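User: I have a model open and want to go through it piece by piece. Can you take my questions as they come?

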Amino acid sequence: MSSLTISLTAPNGRKYDQPTGLFINNEWVASSKSNKITSINPTDESEIASVHAAEPEDVDKAVAAARAAFNDPSWRDMASSDRGDLMYKLSQLVEANKELLATIETWDNGKPYQVALNEDLAEVAGCLKYYAGYADKIHGQVIDTTPAKLAYTIREPVGVCGQIIPWNYPLAMAAWKLGPALACGNTVVIKAAEQTPLSILVFANLIKEAGFPPGVVNVINGHGRVAGAAMAQHMDIDKVAFTGSTATGKEIMKMASVNMKNITLETGGKSPLIVFDDADLEQAVRWSHVGIMSNMGQICTATSRILVQETIYDKFVEAFKKQVSEVSKVGDPFSDETFQGPQVTKAQYDRVLSYIEAGKQDGATLALGGEAYKNVGDGKGFFVTPTVFTHVKSSMRVFREEVFGPFVVVVSFKDEAEALKQANDTTYGLGSAIFTKDIVKAHRVARKIEAGMVWINSSQDSDFRIPFGGVKQSGIGRELGEAGLAAYSNTKAVHVNLGTWL
Ligand code: NAI
Ligand code: MG
C-alpha cells in the first residue's frame, strides 16, 4: 500500500483503504507542504485520520491538470453519449459501494447511518444518473430571422470549474455540482470541507475506475482560507460554485471578480414554515419536525422559523413538543434507533449552545431542550438536545440568524398578511413551507413568499429533478433539474450570412 493510503476500521466494523492524498490527474499525490487536516469523529471526539491539505501551489497543479484535460480531445471531443456513459458508470459504482461510502459519511459527519445510506447515497447515485441522461440532450437552437440569415446557438462548457462544498451533505453536495458540470463537458477541481475530508477521497477512486480521462475531475482537501481562496482567485478557473455560509459566499464573490468568474452560490437560510389554522394539524406537526430536526438541523433549507396562526398556537406547540420528544431520539449515529446524531464539530456544537443562551437572554421562552446531551457512550461527543423556543419576537437573534442545529423558534401570527410579513422579514430567501387545506390560499401565499423554493404541505422534500437555490442573501443561480445545466454552460450564437451581400 502506498504512503498515501491507510487501512481503517470504522466503528461498525467495516475495514477499508482510505486514501489521504490529493487526487490530481487520476493519481494520488502528496501536498507540497506537510500540512494536514485531521478528521474528527464527532460521536466520541476521537481522531479518525489525517489527510493532505492543499496549498495554493497544489491548487495550481490541480487547475493545470483540469485545463489540460479540458483541452484534450479525449474529453473535449468525446461524443456526448459516451460522456453520459461514463457518468452512468460512476453512478453505478456509487450504488455498488454505497454501504462503504455511507459508513464513512456517518463516521466523519455524525449523521445517522440509515440516513447516510438511504438518503445521502441514494441522492448521490440518483443525481449522477439523472445528469448522465442529460449529457447528450444539451443542445442549442436554430433561431429564425429572415431567409438571408441562418442563426443558431451552441451550448458550450464554461471551462475549468472550481467547486467548494460544505460538510453537511459531503458526497451529495459533490454530486449536485459534479453532475451538471460533467454533463455539460466541463472539467473540475473540487474541494471538500475540512470538517469532512474522507468520503470524497474514496469517491475519487471511483472516478478513475469509471474511466474518466485524467484531469477531468481533481479532488482536493484544504483549508477554506488557503485552498478555497486560491481557487476563488485563480486566474485559470472559469467558474466557481460554492455552498456554505453567506459570509464566505460574499468573500468568494469578491475574490472571483479578479477574472470575472461565472459564479453560483448557495448560502444560508432562515426558512419560514407557516401553519394556518385550517391545516391538517397532525401532518403540519410531523413535517415541521422533519423540516428542522433532520440531519441535526444542519440543512441550509431547514424550516427553522415555524409561524403558527394564533388560534391554534398553543395546540400546535403542545403537539410539536410531543413529536420532538418522541421521535428525535439522540444517540450513536450507527444505531438504527437514532434519529439525531452529534453536531458535526465542536465549533457547530458551541454555536448551537451559544444561540440557546441568546434565546434566553433575549427573553424567548425555552419550551424544550436547551442543553448539551451527555448520555451517549462515555459522555463525549457534540450532542445537543433538540431545542424549541416559543414566544419569540422578530427582533430576537434566534429569529433572525441562522443557527444550523436542532433548534427552532415558534412564533404566532394573526392573519395571512401578518404571516407573510413575518415570513419575508429576513435577509435570506432559500426555502419556505405553507400548511393549509385551502388551495387558493396556498398558491397565493406561495407567490408572495420571497424564497427560491416553496413546499406546500411538506418540508425538505427536495429532489434532484427540481431546481434548487435562493433569492436575497441565500444565493445566486440554481442547482439541480434542467436549470442546473444553465450554471455550467455558455450559449454561443452563430450568425451565418445567407444573402445579405454588400
Ligand atoms: P463556510 O462557508 O466557511 O465553509 C464552507 C466551505 O467553504 C468549506 O469547503 C470551506 O473550506 C470553504 N471556505 C471557507 N472559507 C473560505 C474562503 N475564504 N475562500 C474560499 N473557500 C472558503 O462554513 P462553515 O464555517 O463550515 O460553517 C459556518 C456556518 O455556515 C454554519 O453554521 C451554517 O450556518 C453555514 N453553512 C451553510 C451550509 C449550507 O448548506 N448552505 C453548509 C455549511 C455551513
Ligand atoms: Mg469529522
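This is a predicted model: local features need pLDDT of at least 70, side-chain atom pairs count only at pLDDT 80 or more; totals for chains, interfaces and linings use all residues.

User: Fine. Which domains does the assignment give?

Analyst: Domain 1 (49-268) and domain 2 (272-462). The bounds come from an automatic or database domain assignment. Taken over C-alpha atoms, the centres of domain 1 and domain 2 are 31 Å apart.

User: How many residues does the contact take from domain 1 and from domain 2?

Analyst: Twelve residues come from domain 1 and 15 residues from domain 2. Two residues are in contact if their C-beta atoms, placed from the backbone, lie within 7 Å. On the side of domain 1 that touches domain 2, α4 (98-109) and α5 (113-134) each supply at least two residues. Helices here are DSSP runs (H or I, at least four residues), as are strands (E, at least two), numbered from the N terminus.

User: What classes are the residues on that side of domain 1?

Analyst: Three are nonpolar, seven polar and two charged. Ala, Val, Leu, Ile, Met, Phe, Trp, Tyr, Cys and Pro count as nonpolar, Asp, Glu, Lys and Arg as charged, and the others, Gly among them, as polar.

User: Switching to the ligand. Where does ligand 1 lie?

Analyst: Ligand 1 lies between domain 1 and domain 2, because both give residues to its shell. The shell has 26 residues, the closest being Gly 224, Gly 228, Gly 244, Ser 245 and Cys 300. Two or more residues each come from α8 (224-232), α9 (246-256) and α12 (346-361). A residue counts as near a molecule or strand if its C-beta atom, placed from the backbone, lies within 6 Å of it.

User: Which element gives the most to that shell?

Analyst: α8, with five residues. By class, the shell around ligand 1 has nine nonpolar, ten polar and seven charged residues.

User: Sheets next. What is the order of the seven strands in the open sheet?

Analyst: The order is β16-β17-β18-β15-β14-β19-β20, and the pairing is mixed. At the edges stand β16 (365-368) and β20 (455-456), each with a single partner strand, so one side of each has no neighbour in the sheet. Two strands pair if DSSP finds at least two bridges between them.

User: How many bridges join β14 to β15?

Analyst: Four, and the two strands run parallel. Leu 273 has Ile 306 as its bridge partner in β15, while Ile 274 stands opposite Leu 307.

User: Are the residues on the faces of β14 buried or exposed?

Analyst: Buried on both faces: Pro 272 and Ile 274 on one side, Leu 273 and Val 275 on the other. Buried means 20 or more other C-beta atoms within 10 Å of a residue's own, exposed means 12 or fewer, and partly exposed is in between, with C-beta atoms placed from the backbone.

User: And the open sheet of three strands, what is its order?

Analyst: β7-β8-β22, with antiparallel pairing. The edge strands are β7 (142-143) and β22 (489-497). Two bridges join β7 to β8 (residues 149-157), and Val 142 stands opposite Tyr 152 in β8.

User: Now α7. What should its twelve residues span?

Analyst: At 1.5 Å a residue they should span 16 Å, and the end C-alpha atoms of α7 (residues 199-210) are 17 Å apart, which agrees. The expected span is 1.5 Å times one less than the number of residues. Gly 211, with a positive phi near 105 degrees, follows α7.

User: Which residues other than glycine have a positive phi?

Analyst: Among them are Glu 45, with phi near 65 degrees, and Met 296, with phi of about 60 degrees. Most residues other than glycine have a negative phi.

User: Where do Glu 45 and Met 296 lie?

Analyst: Glu 45 lies in the loop between β5 (36-40) and β6 (47-52), and Met 296 lies in the loop between α10 (281-293) and β15 (305-309). Glu 45 is partly exposed because 13 other C-beta atoms lie within 10 Å. Met 296 is buried, with 34 other C-beta atoms within 10 Å.

Technical notes:
Residues are numbered from 1 along each chain as its sequence is written. Chains are lettered from A and ligands numbered from 1 in the order in which they are written.
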